[in-house]
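Work through the exercises below with the sequence and the coordinates open. Each task is followed by its solution.

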Amino acid sequence: MSYTMRIGDINDIRMNVAATDRYFNEGVCYASLFTYSTATKEIIKLINKKVEIRCNCSWYKTTPNSYHVISTKIPNSDFYHTIIYKKDRMIEDIGQKKLILFIFREVDVDSHDEFSEIMDNIYNGIEDDYNFSEELKDAVYYKLYKNSSIPILKEWINYIINSLIRNRYMYTMNILSSDDDNNDKKLIGYTICCPVDYLINLISTGLKTKVISINGTNLASEPMQAIEGLDGYLNTYSEVLADRIQKGFTPRFTPNKDKYSKELINYANYVEYSRNIKLYPAQKDVIQSISNCLDNQKSSFIIGECGVGKTALAIGSILVNSKHKKKCLNIVMCPSHLVYKWKYEISTLAPLSEVYIVDSISTLLNLMPKLKSNKRNRHIWLIISKETAKLSYEERPAAVWSKRKHCYVCPSCHQPLYTLTWEGRGRNKRPIQHFMKETAFLKQTASNRKCMNTVQKWNTEKNKNEKVDCNCKLWEPFIKTNEHDISDWIKLGKQGWIEKQHISKVYYELSNKRKLTKEESSLYSALFNVVGMMEVGTFPIQRSPRKYSIAKYIHRYLKHHIDYVVFDEMHQLKAGDSAQGEAFGDLASVARKVIGLTGTLLNGYASGIFYILYRTFAQTMKKEGFEYNNENKFTQEYGVVKKTSNYRWESGIQKNKIGTTRIKTLPGVSPLVFTKFLLENAAFINQEDISTGLPGYTEIPIAVDMDEELSASYNKLEKDIRENMGNWRKSVKTMGQIITTLSVYPDQPYNQADIIHPDTGEIIATPDTLEQRYRNKEDTFLKLVQSKVEAGEKVLVYYHWTNRTDLANRLPKLLKEHGIKSTVLKANIKASEREEWIHTQLKNGIDVLLCNPTLIETGLDLLDFTTIIYYQMGYNLYTMRQASRRSWRLSQNKDVEVYFLYYKGTIQEQALSLMATKLQAAMAIEGKFSEEGLNALSNNEDIFTQIASSVTEGIKDSVDIQVFKKISVKNTKEKNVDKQVNVKPLQYLLFNFNNASKSNKTQNDIQYNMTDSLSCATQLFNLC
Ligand SMILES: [Zn+2]
C-alpha cells in the first residue's frame, strides 16, 4: 500500500514513511517524501509556517518554525527526497519547564518491536526493570544530555526510560509506511514529553533509594558526606576537574612551561629600558596568551582590575602579535580622561611609533594622507575618546563645477560626471549620458556617490598603462570650522545641497516652469527663502538629520588599513543603540584584530554583556543562535528572568491566565557565559597575580549599638511604617522614601521629613525629632580616625546621602574640635581636576578627606589614603567596589583597611549584609568561585527590592564577618609567597584556561563537560 500526504495546498505528495503522535498531540513528527523540485520548494516554504497537514485521512495543524528540513536531489531523476522532522524543544507550561523530545530509530524490519510489547507490561506493573537496547539508551541519553543541563550518567538511562514509560511521559509514535520490498529497515519513533522537575526528582529519588548510583557504587556519597559545601567539593575533586579540563584544553601558552616569544622578550626589554619597569611574569603570561589567541581569533579580552597595567598589556599584546609588521595602524578608543595617559604610555612603551590624539574630524582628515601612505615605516596609533568617536559630521558634495563644460566634473580626474539611462530594446539598446547639472548633488544617491569614469594608471608589474575605474568619492566631510573649506556649497535644509553660484539660475528656471513636481516645489520654496537672504548677504546652513560619526568615517574610509583596535573600559560601551555603542561596533567591524579591556565586564545583568559579545564575537553568537536584536532571548537563556502571571482559581483548581505575563530581568548571569563565550577568548589578571609586592587589603565591618533613646525612636519609626504601609508596600515610589528615611534616620535623628504617600498625600510615618548631639556612631568614628591619624595615616571618609544628612558639616566640625584637619570634596570640582585638587589639600596638611564615593569612582589614584571609612553606604555595588579600592595599588606600600560603620539592628546592617553577598556574586562571575558566591548568584532579587522586602517582612540579616574575611588579601610584600597557594582550585583553573586559547576540535564537548562539572557539583551538593 502506498500513502500520500497533503501539506497546505500541495496535494498528493508521495510519502515513503511518516510518524505521527496523537498521545501528546504533536501531530506529524517525521515524514520522508518524494517530490518534484517546485513542490519541494513549496514544502520547505510552507512547513515552518502555520499549516494543515493531512496524513492518512487525519488532519494535523503545525506551529510555525517547528521542523527541521533536509532535502536532497535523487541522482539521475527529477525527484527530490525530502525529510521533515520535528525540532526538540523546551517549553514553559503554567510556570513548569517541560522537555519535548523526538527520537527516531531505524531497526531491522524483522526485529520485534520491543517497545509496544513491553509498554503494556510496564504500564501494568508486570515488567519492572526492562533492559532496553543499547541503541535506544544511547538515543535517549544523547537527547537528554543535549537538551537539558541536568547532570545524567549513562548508567541511569535504563532506569529513566522505565520510569518515563511507567508515568506516561514517553510514548511510541504511530508509523505509516508505504510497502517496499527492497526495504530491510523500518522506522520507530518515540515522543518524550516530560517536566524537567520530574527528571530531577527522578534522579534524586533514584540516588537516595540507591536504585542508581554514581560511578557504579552507592558508596559514592560517602566522601560526599565528609565534604562541607561546594568549596569542599571543589577542593576534593579539583584534581579530577583539572584533569578533565586540561585534557580538553591544550593551552596555547602554559605559564612556567612554554617559552615566551622573541617579540615578547624584546617588548619586556624595551619597557625596562624606556621606563625602568620590569614586567611581572603574570603580565608576560597575559601578553603571550592574548597574542597567541589573536593568532586564531579576531577578538580577545583582558579582564583585570585597575592597577594591573592593562594599558601596557594591550600595547604589548599588539606589538607581540603583529610580529615583524613595521607599520601597523592602530586605534585606541577610551574615556576622555584617559586620552593623555594613553598617549604617554604608547609613546614610552611602543618603539617606532607615532601617536596622535584625534579630537575632531578635521584632525583626522589632516592625518588621512599619512594613514593611507604605503611609504611610512612606523606604527601609527590614533587615540580617540569615546565621546569624540561618536561626534558627528555631515557630508557635502565634492564635485567641481566646470564653467567650460557646463556640468560637474570629478575633483580627481576632472572628467565630466554623468548618469546613464538606457533607450531602445534588445539589439537597439543604447546608453544615454546625462551630465550632472546644477541640481545633481542635492542629495546623496547611488549614482552620484562615486566617479564612474575610467582613468589611465601605470601598472608597475606589467610595465604599462592600464584603464581602471576612477572611483573617486564625490562627497566629503563638511567641516564648519575648517577655514580650508572654501567651497561654495550651502545646505537648504532637507532639500539638500546646492552651490551659491547656481541658486539664481535654478530659482529662475523653476519659477518659469508650468508644473512643478512635489520635490521641485519644495526646492522652489527653499530657494525662495535663500534668494531673499542672499540679498542681505547671509547664508543659512541648516543642520540635516543625516550625520556620520567619526567612527563611521573610519569605518568607511580606512576599511583595509586598520590593524588593531583597543577598547578601554569596554563595559561602558554596552548599550545596543547608544551612539558610543555604535561607534564601538563601527570600529570593531573594520579592524583586523580587537582587544577589549575592562575591570568589570559584567554589571550583574546578562543583558550588560550581550552587545559587547555580539560586536566582538559575532560568529560565536550567531552559532549559538542569536541574532543582533536578540537581547531578550540572550537574557532569558543566560540571565535571570522573573515571570509573573496571574491565574483564575475556581474551587481550588487553577484555571485560565488573567492578563499578560509580566517579565522582569534580575541581576545574575549564568556561568555558561563564561564557558561558552569568555573561556577561550579572555585573559584574567588580578592584582594578586602580580603580587610579590601587593599590600594587604582588609574589609572590616564595625557594628555600633544605638543609644537607648535612638533605638526606641528608630524602632518606633520602623513599626509605624510597617503598620501604616497597608497596600502601599508594593509601590516603588513609597519604598524609595521609606528606605532612605530609615537609612539616614539613625545618622541624623532630627530634621527628617514625614514619609508621605506620593499619590494620596497621607502621612505614613513621622520620624521623632531628637536632640542634636553626637551619638555612638560619631564616637566610634572619632576614635577610629584619631587612632589612624596618630599612626600617621590619611583617612578617606565616604558618606552617601549628601542632601539628606548634614554630615558634610557635622563630621568636619567634630574632627576640628579634636584638632584633626579635614576637608570635603564636592561635586562642583570638575572630574578632571579632582586628583590635582586632592593633592593640593594634602599639601595643605589635611588628614581626612570626606566625599560621596561616586565622585571618585574611576581613575583616581589616592595612594595617600590607607584607611577608608564608609560612614554611610549607598546601594550601588560597583560604586562601592571601585571606591573601596581607590588606594589599593601596586605602588602602595602600606596595608589598606576599609571600615564599614553601621548601626546594629537597623536597615544599615541589612544593606551591608546584602551588599557583601552581592559582592561575592560579582566575584563569582569574574572567576573567583566560592560557595557563597554561587549561592548569592542563585539568590537573584536585586538589592533595592531585597532591602524593601526586608522592611515589609521585618527580616533582619546580620552581617557575616566571614564574608568580609574572604574578600581580604594578605600582605605579600617582600614575603615572596608563591601566589598559587592562596588561590582556590577552581579559581586557579579558571585563570589558567582563560589564558588558553582555542586549540582543537573537541572544544564543544569539553565545554559541556565543564558545564557538567559545575552543574553536577551544584546538583550533587543539593542531593547529598
Ligand atoms: Zn574621476
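**Exercise 1.** Which residue in β40 is the bridge partner of Ala703?

The model is predicted, so local features need pLDDT of at least 70 and side-chain atom pairs pLDDT 80 or more, while totals for chains, interfaces and linings use all residues. Residues are numbered from 1 along each chain as its sequence is written, and side-chain values use heavy atoms, without hydrogens and water.

Solution. 
1. Take β33 and β40 (residues 896–903), which run parallel and are joined by eight bridges. Strands here are DSSP runs of E with at least two residues, and helices are runs of H or I with at least four.
2. The partner of Ala703 in β40 is Tyr902.

**Exercise 2.** Give the strand order of the open sheet and find its edges.

Solution. 
1. The six strands follow the order β33-β40-β39-β36-β38-β37, with parallel pairing; two strands pair if DSSP finds at least two bridges between them.
2. β33 (697–704) and β37 (822–824) each have a single partner strand, so they stand at the edges and one side of each has no neighbour in the sheet.
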